[in-house]
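Subject: Handover of a structure for your review

Dear colleague,

Please find below the structure that I am passing on to you.

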Amino acid sequence: MNVHEALMMLAANKLAICSDIYPDANMVNALDMAIEALKKQQPEKLVKCSQILFSCPNCKKLYNGVLNPRFCSECGQAFDWGI
Ligand SMILES: [Zn+2]
């Protein structure tokens, strides 16, 4: 199972739980947290701010494009540096 398939399963489960007469709010919250964490594992391209400055697409933290970390040190978003 890849990340996309896991996200689809979690979203389907959340939809099913939310359609219950008495949805389990804790389970919905747990599924939301899992969905958010998994989404950050999917690499996203950085936003180019200038020739040497890039920002995280999730939290907007700035990077200089020299060290090119694989993940944002602020929010954990995976990066795709193939700009
Ligand atoms: Zn970030």
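Helices (H or I, at least four residues) and strands (E, at least two) are DSSP runs, numbered from the N terminus, and two strands pair if DSSP finds at least two bridges between them. This is a predicted model, in which local features need pLDDT of at least 70 and side-chain atom pairs count only at pLDDT 80 or more, while totals for chains, interfaces and linings use all residues. Residues are numbered from 1 along each chain as its sequence is written.

**The sheet**

Val 47 has Ser 55, in strand S3, as its bridge partner. Strand S2 and strand S3 (residues 54–55) run antiparallel and are joined by two bridges. They belong to an open sheet of three strands with antiparallel pairing, in the order S2-S3-S4. Its edge strands, S2 (47–48) and S4 (62–63), each pair on one side only.

**The chain as a whole**

Two helices and five strands make up the chain's secondary structure elements, and along the sequence they follow the pattern α-α-β-β-β-β-β. The chain's radius of gyration (taken over C-alpha atoms) is 16 Å, well over the 12 Å that the globule rule gives for 83 residues, so the chain is more spread out than a compact globule. That rule is 2.2 Å times the number of residues to the power 0.38. The C-alpha trace spans about 55 × 25 × 15 Å along its principal axes.

A domain assignment, automatic or from a database, divides the chain into domain 1 (3–41) and domain 2 (43–83). Their C-alpha centres lie 27 Å apart.

Helix H1 (residues 3–18) has 16 residues and reaches 22 Å from its first C-alpha to its last, close to the 22 Å expected at 1.5 Å a residue; the expected span is 1.5 Å times one less than the number of residues. A residue is buried if 20 or more other C-beta atoms, placed from the backbone, lie within 10 Å of its own, exposed if 12 or fewer, and partly exposed in between. The number of buried residues in H1 is zero, so this helix lies largely in the open. Of the chain's 83 residues, 7% count as buried.

**Pro 43**

Pro 43 is found in the loop between helix H2 (25–41) and strand S1 (44–45). With 14 other C-beta atoms within 10 Å, Pro 43 is partly exposed. Leaving aside residues up to four places away in sequence, Pro 43 touches Ala 78, Phe 79 and Asp 80, where contact means C-beta atoms, placed from the backbone, within 7 Å.

Yours sincerely

Methods. Contact = placed C-beta atoms within 7 Å.
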